[in-house]
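Student: I would like to go through this model with you, one topic at a time. Could we have it on the screen before we begin?

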Amino acid sequence: MNRLLHTYLCLVLVSVCAVCVAPPAVRGQGSEVVIVDTRSAFRKTDILLNEFDVLSGGRKAVAGADLVASVLANDLLLSGLCRTGAGDAPADSFDFQYTIEGRVEGPLMDARTSGEESPLTVSLDLLTYPGRQLLLGKRYRPERDQQRIMAHHFANEVLAMVTGQQGICLTRIAFSRGTGDRRDLYVVDYDGEGLLRVTANRTLNLCPAWSPDNGEIAFTSYHHGQQGLYSLDTATGKVRRIIAQAGLNLGADWRPDGRELLVSLSETGNPEIYRIDPLGKVIKRLTVSRAIEISPSWSPGGGELVFTSDRTGTPQLYIIDKDGSGRRRLTFEGRYNDSGVWSPRGDRLAYATRIRNLTRLVLIKPTGEDRRIVTDVSWGNCEDPSWAPDARHLVFASDRTGVFKLYVYDVVEESFRQLTYGDDPDITPAWSH
Amino acid sequence: MKRMQQKGILALALLIMVLMVATGCSKKHEVNTEPPVPEETVPAEVIPPTPTPEETATPDANAIDYKALQPQEYGVHDVFFAFDKYDLDDQALATLARDARILKEAGVMILISGHCDERGTVEYNLALGEKRARAVRDYLASLGVPEGKMLITSYGENKPFVRGHNEEAWAQNRRAHFENP
């Protein structure tokens, strides 16, 4: 597991970057199609994905080329920003502005004698269409288990070049899987591949939270029945204790600069919101009340936070400044609102509300305006939304099939896709940065 | 609950076996005495001296090994809560009054875990479960159970006692549970 997580982080070192040409004129052209976050202005970029040339290497090279091409095509589709000429749309409905070409060369012959399999060489180019002006050229030498990551890497480069937006193709989702008090943390690629279990301590592990550099995952676990906040090093797999006060040690959220976390602690007799440093030292207590105060989430700039309080008798969302002042109530509709999370763009929040015994997903502006229920009753209970760094996709848990599994919601297209499968419940997902 | 019932059944079975052995012996007695006396020795007199040194030793009530038992097995019972509530109702108060008497006598370390039904969010239920456990601990402390002997934790909705998506199951799952730490 450690090795695989590490592979992820080291990908850039493995790839051999070649040319990168981007004439200013074309950059301008690219910025014309940047998607504005309103549906009326919504338009996709069409990219023609040609079949890759396999120059040598036989079956292994063909398999590698197929894998890279399919991962890349899927990435471009999942971004919501592009079409690739595949799918249901009629051929004449596409207006290709770009094309991607690939060449794959097989393992070197001398590798056989050394007993090791040398990697494929994959060259990928992004060109204008039909002009065939080179915008981006990359040459990779991925090991077999890095081919997927390599394709994600190139997809991010393409999205940045074509749409001007940071892709989420290398992001992952951490979550809790299991039943009863045996739930482990898992990590899965944003496209549902590469599932990996990252804890194995025979207890309850919940509520993962990625540090801003994805180097650590803070989570709540139990030791001899007592709750504590722990941190998993994603490079080494080592777990350290952040804080384990008597009572709750729950709901961690890293500040965008990584220097602090929000957490709710109840040592004083009541769950309250605190700011702590990554070593567990309390910096500041932000709430004082006899109510339950939980689920803190930073605003993107770290200047404010949203949290849940039941001080009025029902759980509602509130926003306060980072010093605890300026409290204002965000939600007034519904008798049960929790799990507020601020979009990375800051223009809205997602949270969970209960309507007639079902927990539903809701979007709202930080001003309290534009409240929009996202999931209808066919989605059953929907809990624990977490934003992707593109501020467009949300992951959440739904029990629509009878067991909680993870789903991704596209805020712009208002579409859903299932992320995880299997019989065990998956809960408390967290999207990496 | 289940374990308690099993224990009860076991005890009952044991009792019946002991009774059967006892009556069996007396029957043997009769059988032995009935036939015309071949010898002078009366078996009834031979049997009594050997038994019961062990039997008299067991019913020593003061020697309960509390640590080897689950709290429910020595009479400490869980308490239940209303939906989304963590205050103690009259029934809970009555249960806890009995629990307190036994816990004071037992003097053992105990873990009180708070639980919720499946409705609601994971985090809020963890907080709610903690409130429930804390309410129980505070009330027991007010009745004289040493605070240092009570640990609390919350499992929220994660450790249901009864599976099911109806009020019957939910009511069973909204509880503060006593266990050994």
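Student: To start, how many helices and strands does the secondary structure of chain B come to?
Tutor: This is a predicted model. In it, chain B has six helices and four strands.

Student: And in what order do the elements of chain B run from the N terminus on?
Tutor: The order is α-α-α-β-α-β-α-β-α-β.

Student: What share of chain B is made up of buried residues?
Tutor: Of the 181 residues in chain B, 29% are buried. As for contacts in chain B with a separation of 6 or more, 70% of them come from residues 24 or more positions apart.

Student: What order do the strands of the open sheet in chain B have?
Tutor: The four strands are arranged as β1-β4-β2-β3, and their pairing is mixed. At the edges are β1 (79-80) and β3 (150-156) of chain B, each of which pairs on one side only.

Student: How many bridges join β2 to β4 there?
Tutor: Strand β2 (residues 110-115) of chain B is joined to strand β4 (residues 175-179) of chain B by four bridges, and the two run antiparallel. One pairing to look at is B:L111, whose bridge partner in β4(B) is B:E179.

Student: Which helix lies across those strands?
Tutor: That is helix α5 (residues 122-142) of chain B, which lies across β1, β2, β3 and β4 of chain B. Its direction is at about 155 degrees to β3(B).

Student: At what angle do α4 and α5 of chain B pack?
Tutor: Helix α4 (residues 90-106) of chain B packs against α5(B) at about 60 degrees, and the axes are 10 Å apart. The crossing of α4(B) past α5(B) is right-handed.

Student: Which residues of the two helices meet?
Tutor: From α4(B) they are B:L96, B:D99, B:A100 and B:L103, and from α5(B) they are B:V136, B:Y139 and B:L140. Sorted by class, this contact of α4(B) with α5(B) has six nonpolar residues, one charged residue and no polar ones.

Student: While we are on α4 of chain B, why does B:K104 count as partly exposed?
Tutor: B:K104 sits in helix α4 of chain B. It counts as partly exposed because it has 14 C-beta neighbours inside 10 Å, whereas a buried residue would need 20 or more.

Student: What is B:K104 in contact with, leaving aside its neighbours within four places in sequence?
Tutor: B:K104 is in contact with B:G144 and B:V145.

Student: Changing topic, how many residues does the contact between chain A and chain B take from each chain?
Tutor: The contact takes 32 residues from chain A and 19 residues from chain B. On the side of chain B that touches chain A, the elements giving two or more residues are α5 and β3 of chain B. The largest share of that side, nine residues, belongs to α5(B). By class, the chain B side has eight nonpolar, six charged and five polar residues.

Student: How many residues has the largest nonpolar core?
Tutor: It has 132 residues, and those with the most contacts inside it are A:L72, A:I173, A:A218 and A:V263. The element that gives the most to this core is α5(B), with nine residues.

Student: What does A:L72 touch, not counting residues up to four places away in sequence?
Tutor: A:L72 touches A:L49, A:A151, A:F154 and A:A155.

Student: Now chain A's strands: what do β17 and β18 form?
Tutor: They form a hairpin with five residues between them, and A:G280 in the turn has a positive phi of about 100 degrees. Three bridges join β17 (residues 272-276) of chain A to β18 (residues 282-285) of chain A, which run antiparallel. A:I276 stands opposite A:V282 in β18(A).

Student: And in what order do the four strands from β19 to β22 of chain A form an open sheet?
Tutor: The order is β19-β20-β21-β22, with antiparallel pairing. Its edge strands are β19 (293-298) and β22 (328-329) of chain A.

Student: Last one: why does A:T312 count as exposed?
Tutor: A:T312 lies in the loop between β20 and β21 (316-321) of chain A. It counts as exposed because it has 12 C-beta neighbours inside 10 Å.

How values were computed
Residues numbered from 1 in each chain as written. Chains lettered and ligands numbered in written order. Predicted model: local features only at pLDDT ≥ 70, side-chain atom pairs only at ≥ 80, totals over all residues. Pairing = 2+ DSSP bridges. Contact = placed C-beta atoms within 7 Å. Axes fitted to C-alpha atoms, helices over the stretch in contact; angles between N-to-C directions. Left-handed = near helix turned anticlockwise from the far one by under 90°. Nonpolar A, V, L, I, M, F, W, Y, C, P; charged D, E, K, R; others polar. Core = buried A, V, L, I, M, F, W, Y, C linked by C-beta atoms within 7 Å.
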